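Keep the viewer open as you read.

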Amino acid sequence: MAGEPDRYTHGHERATLASHGKRTAENSCGYLLPVLEAGMRVLDVGCGPGTITLDLAAIVAPGEVVGIEPVEDPLDVAREAATRRGDTTTRFELADVYALPHDDDSFDVVHAHQVLQHLTDPVRALHEMARVCRPGGWIAVRDADYAAMSWFPEVPELEDWRSLYRQVARGNGAEPDAARRLRGWVQAAELDDVRLTTSVWTYADEPTCRWWGESQAERVSGPIFAGQAAEQGVDAGELARIAEGWRAWGSAPDAWFAILHGEVLAHP
Ligand SMILES: C[S@@+](CC[C@H](N)C(=O)[O-])C[C@H]1O[C@@H](n2cnc3c(N)ncnc32)[C@H](O)[C@@H]1O
C-alpha cells in the first residue's frame, strides 16, 4: 500500500480482541448465512481474532477460507483459535484490503465485518474486494453506527464517550456513523444487485451489561485510545471519568444497550 497505513481507532488491545472474540457467524452474519454453501471460497477481510472466520469455514467446509489482517497481533490470536477448534485448513494471512494479494475473481464471498468504518477510503476497499470476488459472487459488509447507538440509563459520561469516540475516529480519517453511509459507499463502488438490511445487537441482561461496561471502560482508558484522545486534547482524568461512567452503566440493574448495524449483500 502506498503511504501511511490507516490508523485503527480501537487498536488490538486485550479488551478489544476479547470483545471481538465473542462474535460468531450467528450473531454477526445473519444476513449472509442464507447465501453460503458448502465448498465456497471465502475471504474474510479484517478478520480480527477470527471467531467469525472460523464459523464461516465450518459452514462452507470443505471450501477454502482465508482471513486477512494488516498486522500480526490479531492473526496470532486467530491462529490459536483455529488450533483450539481443530481447523487445519483456514489460513490467516497478513494483507491489506487496499492491495489484496489475490487473483481477480478468486473468491465466492468477500466479507468484512466492522471494517469499513475504520478505513479512510471505504470505497477503494470495496473496489478491491470486488476485484477478487468472482462475477455472481457476494460482497458482504456489516458496520455499526455510533450516532444511532442507544442506551439506558442516560449516564452523561456515555454521551461524552460517544462524542469523543466519533471525534477520535474522524481524527483518524475514519467514519464512525458507517451504517447509514453504506448505501452511498456501495453506489460509489458500483456494486450490483445491492441488498441493504439492518440488525441490532441488544445487551439487556446482568452479565452482558456488566461485561460490556467493563470492556468499554478498559478500552477507553487503555493506552491506544488514550494516546489518540490525548491528540484531541483529552487528558487521562477525563478518560477515567468516562471509564467510571461505563462501569456505573454496566452495573445499573436496568441497563440496556442497542447497537444498530447496516448490512450489504451485493454482487461485484
Ligand atoms: C473492529 S475490527 C473487526 C474484526 C472482525 N471482523 C470482527 O468483527 O470480529 C476491524 C478490523 O479491521 C482491520 N483493518 C483495519 N485496516 C485494515 C486494512 N487496511 N486491511 C484489512 N484489515 C484492516 C483491523 O486491524 C481490525 O482487526
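**Loops, then helices**

Start with Pro153, which sits in the loop between β6 (150-152) and α6; helices (H or I, at least four residues) and strands (E, at least two) are DSSP runs numbered from the N terminus. The peptide bond leading from Phe152 into Pro153 is cis, with omega near -5°. Before going on, some ground rules: this is a predicted model, where local features need pLDDT of at least 70 and side-chain atom pairs count only at pLDDT 80 or more, while totals for chains, interfaces and linings use all residues. Residues are numbered from 1 along each chain as its sequence is written, and side-chain values use heavy atoms, with hydrogens and water left out.

There's another cis bond from Ala61 to Pro62, with omega near 5°, and Pro62 lies in the loop between α3 and β2 (65-69). Why stop for these? Most residues other than glycine have a negative phi, and most peptide bonds are trans.

On the phi side, Asp105 has a positive value of about 60° without being a glycine. Asp105 belongs to the loop between β3 (91-94) and β4 (107-113), and its 44% relative accessibility makes it partly exposed (buried is under 20% relative accessible area, exposed over 50%, partly exposed in between, with a 1.4 Å probe and protein chains only). Gln114, also not a glycine, has a positive phi of about 60°. Gln114 is in the loop between β4 and α5 (122-132), and at 9% relative accessibility it counts as buried.

Now for the helices. The axes of α8 (residues 206-221) and α10 (residues 236-250) come within 7 Å and cross at roughly 175°; axes are lines fitted to C-alpha atoms, for helices over the stretch in contact, with angles from 0 to 180 degrees between N-to-C directions. That makes α8 roughly antiparallel to α10 (the label for angles over 145 degrees).

Next comes α9 (residues 223-231), whose buried residues are Phe225, Gln228 and Ala229. These cover an arc of only 100° around the axis, which puts them on the same side of α9; the arc is that of the directions from the helix axis to the C-beta atoms. Pro223 and Glu231 are exposed on the other side of α9. What do the buried residues of α9 pack against? Their partners are α6 (156-171), α8 and α10. Just after α9, Gly233 takes a positive phi of about 85°.

Methods: Parallel < 35°, antiparallel > 145°, perpendicular 65-115°, else oblique. Contact = heavy atoms within 4.5 Å.
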